[in-house]
Amino acid sequence: MQTAHGGHIGEVAMKRILREYFWWPRMSSDVECFVRKCETCLQLAKKNPPVPLCSRELPEGPWQILQIDFLSVPGFGSGEFLVVVDTYSRYISVVEMKLMDAENTNAALCEVFQRWGCPLILQSDNGPPFQGAPFIKFWEDKGVKVRKSVPLSPQSNGAVERQNQGITKALAASKIEETNWRRALQLYVYNHNNLVPHSRLLVTPFELMCGWKFRGHFPCLWENTCKRLDRADVREKDAESKLISKSDADSARGAKHSDIKIGDTVLLAQARKSKTDPLFSQDHFKVVARDGPKVVVISRNGIQYARNIQDVKKVDATAGADESPAGENVSTSAAPSSDAEGRVKNTGNDDTSSGSDAAVDHQPCRNKGLRRREIIKKPSRYDLIRFEIGRKLAKIWA
Ligand SMILES: [Zn+2]
């Protein structure tokens, strides 16, 4: 197998090379195992496909969970805007920022909260100043939880990212039409919040906030058309439409479930300077937490990193058992022990009939669905083995 993997040939080509001369039971999974254990290939591997989106359930009510983000649109005032989106109603607030430090951000948010009060949770990306102590402490002292979204995964702060497109477009339009951009931005926010019904929920953000329609025009006609907002119906519609858009998005992104779990040893994606630089680091990390696409790992030195699952590559558990990071106190005992059990079970099932030592060394990859031994037959073209080495191998595996 080493010879067939010369030049780090991929597993499909390796199988093709080997099948020219050899056959042995579970050859295909042996080759896959062999390649998976090659650390060089692992570092040069492609990124994992994304995991299916986990669509967040709608919060219980309006103004409970807000997403915040900075939007940079150079050429319009300071060019920096703080965008606040209520994840329940999609009600937005936009504040032009002079400086994006914690002090100014806190002041801007306080201004927004004067109208609707404090939310329960502030959710942001990991950019400064949202991760800094002055920001977190300021809000936690007020009883507002600060939650971070997953780094390198714009989808997790999706509500605010989507709004940014509309805001940028409104600003760009005012530039083309040579109108006052501040007024254009105000008009966009006003229309979005008060007049534009949500495409799937069919109610405006204002209505979701207050429970009644915004009286923008013809207030005298309003009483007659007033219907009570059915919040249970809104939740149902939201869940349904999210399910549809989730499955569409998942298939478009080629999303796949990942089996990465607590206790796994992994490599992390790193920035590359050139195409020949490996995509994944050499260092091993241990997975200590997993929540959907978010993976938290710990280094040998005990430093924790949060990563999107696409940027984490699993190291074959059987490859470097002695190389796992030293932080034993961190890895929960459940996962590694079940790991070991899994391997023991596999060995017992598959190798009872073959008494040879070589077979014990050769543990098949656990996640590969193996055919049962008794129904594995070698292809008839191997009845006459032409090569001496082939005969020896055949004896070992007979
Ligand atoms: Zn390799």
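These notebook entries record what I looked up in the structure.

**Entry 1. Ground rules**

I note that this is a predicted model, in which local features need pLDDT of at least 70, side-chain atom pairs count only at pLDDT 80 or more, and totals for chains, interfaces and linings use all residues. Residues are numbered from 1 along each chain as its sequence is written.

I take helices (H or I, at least four residues) and strands (E, at least two) as DSSP runs, numbered from the N terminus. I treat two strands as paired if DSSP finds at least two bridges between them.

I looked up the strand order and found an open sheet of five strands, 3-2-1-4-5, with mixed pairing. Strand 3 (92-96) and strand 5 (145-148) are at the edges with a single partner strand each, so one side of each has no neighbour in the sheet. Neighbouring strands here are turned by 25° against each other on average, direction ignored. For such angles, axes are lines fitted to C-alpha atoms, for helices over the stretch in contact, and the values run from 0 to 180 degrees between N-to-C directions.

Within this sheet I followed strand 1 (residues 65-72), which pairs with strand 2 (residues 80-86) in the antiparallel sense over seven bridges. L66 has D86 of strand 2 opposite.

**Entry 2. Two loop residues with positive phi**

I checked W63, which is not a glycine and yet has a positive phi of about 60°. W63 sits in the loop between helix 3 (39-43) and strand 1. Is W63 buried or exposed? W63 counts as buried, with 20 C-beta neighbours inside 10 Å. The cut-offs are 20 or more other C-beta atoms within 10 Å for buried, 12 or fewer for exposed, and in between for partly exposed, with C-beta atoms placed from the backbone.

I then turned to R90, in the loop between strand 2 and strand 3. R90 is a residue other than glycine, and its phi is positive, near 65°. R90 has 21 C-beta neighbours inside 10 Å and therefore counts as buried.

I traced helix 4 (residues 102-116) across strand 2 and strand 3, and its direction is at about 140° to strand 3.

How does helix 4 pack with helix 5 (residues 133-141), and at what angle? Their axes are 9 Å apart and the angle is about 30°. Helix 4 and helix 5 are therefore roughly parallel to each other; angles under 35 degrees count as roughly parallel, over 145 as roughly antiparallel, 65 to 115 as roughly perpendicular and the rest as oblique.

I count residues as in contact if their C-beta atoms, placed from the backbone, lie within 7 Å. By class, the contact of helix 4 with helix 5 has four nonpolar, two polar and no charged residues. In this scheme Ala, Val, Leu, Ile, Met, Phe, Trp, Tyr, Cys and Pro are nonpolar, Asp, Glu, Lys and Arg are charged, and the others, Gly among them, are polar.

**Entry 3. K213**

I located K213 in the loop between helix 8 (205-210) and helix 9 (219-225). K213 has 18 other C-beta atoms within 10 Å and is partly exposed. L195 is 18 residues apart from K213 along the chain, and their C-alpha atoms are separated by 8.8 Å.

I found an open sheet of five strands in the order 9-8-7-6-10, with antiparallel pairing. Strand 9 (304-308) and strand 10 (312-314) are at the edges, each having a single partner strand, so one side of each lacks a neighbour in the sheet. The twist averages 45° from one strand to the next.

Strand 7 (residues 285-291) and strand 8 (residues 294-298) are antiparallel and pair over five bridges. K286 has I298 as its bridge partner, and A289 has V296. The two strands form a hairpin with two residues between them, and G292 in the turn has a positive phi of about 60°.

Strand 8 is also joined to strand 9 by five bridges, again antiparallel. Here K294 has N308 as its bridge partner. This hairpin has five residues between the strands, and G302 in the hairpin takes a positive phi near 85°.

Which residues of strand 8 lie on its covered face? V295 and V297 do, while K294, V296 and I298 belong to the uncovered face. In a regular strand the side chains alternate between the two faces of the sheet.

Technical notes
Contact = placed C-beta atoms within 7 Å.
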